[in-house]
Amino acid sequence: MLTFLHLRFPSPVAATLPNAAFLLLALTRVPLRRTPPRSNMSAAASAAADSAASNPAAASAGGEEGGKEAVDVLVQYVVLRRDLADAWPMGSVVTQGCHAAVAAVWEHRDHPDTAAYCGPNNLDRMHKVTLEVKGETQLKNLAEKLQAAGVRHKLWIEQPENIPTCIATAPCPKSQVSSFFKKLKLCK
């Protein structure tokens with residue numbers, strides 16, 4: 001099991017949350033599934049990763065071959081509307097993505113994945129993927145799929161215009177959510 005958060009007092013979390021001591025103790029260890037790095041995706045490596053994922057005790061007992069395995073990274077996906085990027089100033093569209101990303105993190109701040117993603121040991125190693133959809137219909141369809149699958153996310157609706165502008169997921173393991181985004185293009 002990997003440790004992402006170290007127990008430190010005083011903590012900014014302790015100052016803002018009433019049950020922070022319990023939260024900090026609960027978040028000191030966050031288990032993540034191991035997957036092989038992209039450069040080592042041979043059939044043998046894939047089979048070894050599958051067996052390690054299904055039996056973590058055997059993987060830790062058998063050694064890790066000098067750190068050749070990578071951790072299933074925590075990632076936050078941000079999906080913007082291409083039609084708005086063509087019609088609005090770029091700064092306004094980027095701001096919408098920032099609003100959604102911050103809102104998704106804040107709404108799910110008590111979740112262990114979010115705490116690990118925003119932890120002091122991960123601040124300089126955050127992973128975000130910014131993608132695009134064609135328009136409002138595709139954005140709403142994606143939001144419905146994420147909602148139905150129980151994926152933690154925020155659909156940002158710009159006010160007072162009431163325009164759905166983007167979606168941001170809460171930080172979560174890439175292997176759990178990447179399938180929802182594999183058909184989308186990187187935002188350009």
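Tutor: A salt bridge is a side-chain nitrogen of Lys or Arg within 4 Å of a carboxyl oxygen of Asp or Glu. Keep that cut-off in hand. This is a predicted model, where local features need pLDDT of at least 70, side-chain atom pairs count only at pLDDT 80 or more, and totals for chains, interfaces and linings use all residues. Residues are numbered from 1 along each chain as its sequence is written, and side-chain values use heavy atoms, with hydrogens and water left out.

Student: What does the average pLDDT of the protein come to?

Tutor: pLDDT is the predictor's confidence in each residue, from 0 to 100. Here the average is 76, and 63% of the residues score at least 70. Residues 1–17 stay under 50. Residues 19–69 are also below 50.

Student: How many salt bridges does the structure hold?

Tutor: Side chains of opposite charge can pair when their charged atoms come close. This structure holds seven such bridges. Take Arg81 and Glu136, which meet at 3.9 Å, N to O. That pair links distant parts of the chain: Arg81 lies in strand S3, Glu136 in helix H8, 55 residues apart. Helices (H or I, at least four residues) and strands (E, at least two) are DSSP runs, numbered from the N terminus.

Student: Which residues join Arg81 in one network?

Tutor: Salt bridges with shared partners connect Arg81, Asp83, Glu136 and Lys140. The Arg81 to Asp83 bridge is 2.7 Å, N to O.

Student: Is Arg81 buried or exposed?

Tutor: Buried means under 20% relative accessible area, exposed over 50%, partly exposed in between (1.4 Å probe, protein chains only). Arg81 is buried, at 6%. Asp83 is partly exposed, at 31%. Glu136 is partly exposed too, with 31%.

Student: Which residues of H8 are buried?

Tutor: An α-helix has 3.6 residues a turn, so residues three or four places apart point the same way. In H8, the buried residues are Leu139, Leu142, Ala143 and Leu146. They span an arc of only 100 degrees around the axis, which puts them on the same side of H8. The arc is that of the directions from the helix axis to the C-beta atoms. On the other side, Thr137, Glu144, Lys145 and Ala148 are exposed.

Student: What covers the buried residues of H8?

Tutor: The cover includes strands S3 (74–81), S4 (128–133), S5 (153–158) and S6 (163–169). Contact means heavy atoms within 4.5 Å.

Student: What follows just after H8?

Tutor: Gly150, with a positive phi of about 75 degrees.
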